[in-house]
Amino acid sequence: MGKRILSFADRRRLRDEAVVDFRHGFINRREFMLRATAAGVSAAFAGRIADAISAPAPMPAPSRWAKQADATITFIKGPHHPDDPKFWDTLKQEFEASHPGITLNPTFFKWETMDAELTAGYASQPADVVYLVDLVLAKFVNAGQVADISADVNAEDFAQEKAAIAPFTWDVTDFGGKTYGVGALGAAFGIFYNKDLLDKAGITEFPQTRDALVEAAKALTTDRVWGFQFRDSFPNYAHWDWLPYVHDDGGDVMTADLTAQNLDPKAAAATQYLADMKLVHKVSPEAGAYEWLTGNRPLFEAGGIAILHDEFPQAAVWEVDKPVSFNLGVAQAPATTEGGEQTTMGNFGYATISEKSPNKEAAWEFVKWWTSADVINPYAAEIGLQTVRTDSSPDFKSKLLQQVQTEFVPKVQGVQLAENYYEMLTNIWPEVERAYRGEQTGEEAMKKAGEVVTGLLGS
Amino acid sequence: MAIETEFAELRPPADITRATAARRKGPSLYLIAIYGILVIAAFIALVPFLYVISTSFKDTISLFQYPPEWIPSEPTLDNFRGLLADYPFVRWMLNSFVVASAVTIVKVVIDSMAGYAFAKMTFPGKDALFLVVLMTLMVPFAATLIPLFIIVRDLNLTNTYAGLILPALASPIGIFMMRQFIETLPTDLENAARLDGCSEFQIFRRVILPLIRPGLVVLGVFTFMTQWTSYLWPLVIGTKTEMFTLTVGVQSLRSLFTVNWGILSAGAVLSMLPLVLVFLFLQRYFIAGSIAGALKE
Amino acid sequence: MHDGALPAGSAPPGTVIRMATLLIEQSTAEAAPIPHMRLSRQEHERLRRARGRQRALTAYLFLLPNAVFFTAFLIIPIIFLFYLTFHNGGIITPAKFVGLDNWRRAWSDDLVRTTIRNTVYYCLLAIPSVFVIGMILALCLQRIPRGSGPFRSLFYLPTLTPYVTAALIWLFIVQRDFGALNVTLGLFGIPPQNWLGSTSLVMPSIAMLEVWRGVGFWTLLFLAALLALPPELYQAATIDGASAWQQFRHITLPLMRPTFFFAVVMATIWNLQLFDSVSILTDGGPSNASATVVWYIYKAMFQFNDKTGFAAALSFVLLLFILVLTLIEIRLLRKPA
């Protein structure tokens, strides 16, 4: 009845608009279309973004850099000096002057957020050349983000350079017979000692074995001086002070082929040795008592610690920038027994080229240039870091750094590079700390840690 | 006379409320005790800064000295001078100021709009949408950092002000706050305006906004401060020194192996100074406007 | 009487319009038998709905600017995060579908349980302390005749400190030999404590830092609420002979319920996401005693190899956990006494 009265226009209008009641779920056609479109568009948008994030769009085929063609390469590293950006302004000019056609764009990540920044970078468009420290190198190689540079490294024109860079670095950057980076810079970690205190205690030569170190530490400990101190908590990178004792024993976190855990029993002895320094010999403060920057260092400067494990770049401060009031010496962690081999802990960084880089050849030119003796040595001297070259060494202002470079760096045994290394460490360390507090023996700690490592290798 | 007596009888005995008593009799033991508590609390709040302020006037590479020197024996302004001369500190401050101001202005406008919609309007999906807003507060920022970074990077916004500002605009807390504020306003006002033929936007502009001005100040101050101290996002998104914000810039003064703590402390002091000033000037509004009204459901 | 939960302006928005349309509906229903009025009724209905639709549209317009930013910078990342929970990799390696594996791991992982326990323990330490101290300071500030301004500024100062600076400051405070905490204890003859190195003291230390940082904010909040309470009630209570404690217990606390509601909900959401100070001061140690959920998420997301899916699933476990707690709190706190 009603229908007959309706005009055509009315009908059309009603058809489109009659039932619009969201509350009861009535939706007319137009509304439905509108909603569907909105849902579709947002789903497509979300999908596109998810796609873009999960499966990065295929990169354009690498344009091969020719001497004539212009290329801009971006380099990213963490700051090794508060004035690092300024140093790099100079380096950029030098590089561009000697490499016409290539523009260098040096950038920096921050060490605190290195993991987040690098992950985000690799997930989209990473820098062409990335300075990767050994702890994360394996992870990003394993993810397929680092370019295989075997061909460049083994090329004839690089043979001489390759021979001039420490062999251990080539072991580190070797994954399955392929090379993924060139060793550049690093820091070595070991012992600083207060010569005056040692002299007073009648110790003329720094102890070379573990037993001798215990005796020395006992002789040095008074009610005002701790004989021996090392970092013992995770945020202070305590593993750098623990690992040389593990290594000296021929132990390591994994076996040499990285297939099984190797923490038991040699690492157990090392852990127990350090724990005994605190708990049995009482020559070292209880675990966690002194934080590194507000505890260990100022206490050492004030003569409250005789033998201190720390990072060698600090020599530049204690010897040059703000000299300590006593004679200072550096040493490696002692060997297990007489004649045993001592190792030095080191944390090194490698110049790598990103798999996604469209300018790999230009990037390689830069890597070659930066790691060459003429460039890396003055730079390392400026920032107070070690280099890995065996043919020459930086002209450090600090004599101790010179000593570290010539005597200790060749003996560096770094971390084993497994892609799970960080997770292993995060799981191992709580057990080591329990041993340091005397809640379990070194053996128990390493047994549990070993299980964690095995589990992670299995996964 | 008679009236006065009557009043006197109605007045509560002077010693019943101690607060009123105190007000009337001047300093009492009770008031001294209260001031005592406040002074101790203020001391506890302040003492930690003295470490940083003291360090900023020392020529120091070490973080700490044995024995500690509370008042520098040879105070120096070198750290402040070095900071301003060797680093683009003024640029960092400008960056922080630009970012914090932009976010604050936009947030105050769009959050009051959203708050008005949630508080006073009916529309399908209102509760669901509001729950979504609340739930986004519960996702840790670290978890969404990477996808966010990729989106911003794909929009070519790294090392730009837009890259620093836009993601900060997606913050739920202001909407929540403004909804709480606006809900307390009597509905009669808008209805009256509506009967006068005002459009929704006119109601918002002419009736609601003037009424919630204290709330806007609270939100503004809160947003500005959050942005000024914000750290993780500017840290990740800015890779060029000239695009650092203050917090990132100050943090960049430390390198991996050696740190000049004097410079770092001077940076920390200078970065907080403007904020303290802003707060000192605005705190009158901050408290007078009071969050109180907003907090009623 | 003043009802804390139901302030004057809480009449449901749009009531007048709804009543008006209801009246129209009724009048048209009575008129239904007249044929030509049938159309009129439809017409009214149409108008009513068009009006409702227009109002909804206006509301959406008001929400639009926020919606744009939320979608681009919050919702899409969260959707992507959800997508990651069902995959391994997906950020720097191709995503591999693994079904519910990551969710299962997030529920069964021992360290997840430890981190949840630690986080809850931290909240139980920090939230009540910060509320009680904040409330006491607010009550004190309310009672002093002058000088309240400078005190408020001083209390708020720690809140303005960037996290990195605050954590650095805290290293001074807990320093073994000269730190403020041990020096203070020494005055009472208590031996120096191992604040960050002991498994039992580390969480209280972190909580102390967070209380120090946060108390200014809550003090201001509570003070603002206190100042808005109607003074007549207190005068009446005083006349009735109520003691200060009784006034506080029976007037102040019930009237502050809405403030507490906001405070508890926000404090729970914020504190369950404890990360920065832990990451800077202890990195979860010693022996995982200060490992919190977000700390673990960060580790798994950025430092571990190929654990992004697990980190994503863990984020949603945390989200659900906070959501349930918040809903419980809303339930408990919403009903007036």
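Okay, let's start with a definition: a residue is buried if 20 or more other C-beta atoms lie within 10 Å of its own, exposed if 12 or fewer, and partly exposed in between, with the C-beta atoms placed from the backbone. One more: helices (H or I, at least four residues) and strands (E, at least two) are DSSP runs, numbered from the N terminus.

A word on what we're looking at. This is a predicted model, where local features need pLDDT of at least 70 and side-chain atom pairs count only at pLDDT 80 or more, while totals for chains, interfaces and linings use all residues. Residues are numbered from 1 along each chain as its sequence is written, and chains are lettered from A and ligands numbered from 1 in the order in which they are written.

So, chain A. Chain A has 20 helices and 11 strands. Of its 459 residues, 51% are buried. I'll say "contact" a lot, and by that I mean two residues whose C-beta atoms, placed from the backbone, lie within 7 Å. If you take the contacts in chain A between residues at least 6 apart in sequence, 73% of them join residues at least 24 apart.

Now let's zoom in on a strand, β3(A), residues 129-133.

What does β3(A) pair with? For pairing, DSSP has to find at least two bridges between the strands. Strand β1(A), residues 71-77, runs parallel to β3(A) and is joined to it by 2 bridges. There, A:Ile76 has A:Val130 as its bridge partner. β3(A) also pairs with β10(A), this time in the antiparallel sense, over 5 bridges.

β6(A) runs antiparallel to β10(A), with 7 bridges joining them. A:Tyr350 turns up here again, standing opposite A:Gly183.

Stepping back to the domains. The bounds come from an automatic or database domain assignment, and for chain A that gives domain 1 (71-187 + 346-411) and domain 2 (188-344 + 418-458). The contact between the two takes 21 residues from domain 1 and 21 residues from domain 2. On the domain 1 side, α6 (134-142), β6 (182-194), β10 (345-353) and α18 (399-408) each supply at least two residues. α18(A) gives the most, with 6 residues.

For residue classes, Ala, Val, Leu, Ile, Met, Phe, Trp, Tyr, Cys and Pro count as nonpolar, Asp, Glu, Lys and Arg as charged, and the others, Gly among them, as polar. By that count, the domain 1 side has 9 nonpolar, 8 polar and 4 charged residues.

Between chains C and A, 36 residues of chain C are in contact with 41 residues of chain A. On the chain C side, α2 (35-84), α6 (163-173) and α13 (293-303) each supply at least two residues. The largest share, 9 residues, comes from α2(C). By class, that side divides into 16 nonpolar, 13 polar and 7 charged.

And chain C with chain B? That contact takes 86 residues from chain C and 79 residues from chain B. Again α2(C) gives the most to the chain C side, with 19 residues. The classes there are 66 nonpolar, 17 polar and 3 charged.

Helix α3(B), residues 29-56, packs with α6(C) at an angle of about 95 degrees, with their axes 9 Å apart. That makes α3(B) roughly perpendicular to α6(C). Angles under 35 degrees count as roughly parallel, over 145 as roughly antiparallel, 65 to 115 as roughly perpendicular and the rest as oblique. The axes are lines fitted to C-alpha atoms, for helices over the stretch in contact, and angles run from 0 to 180 degrees between N-to-C directions.

Which residues meet there? From α3(B) you get B:Pro48, B:Tyr51 and B:Val52, and from α6(C) they meet C:Thr165, C:Ile169, C:Phe172 and C:Ile173. By class, that's 6 nonpolar, 1 polar and no charged residues.
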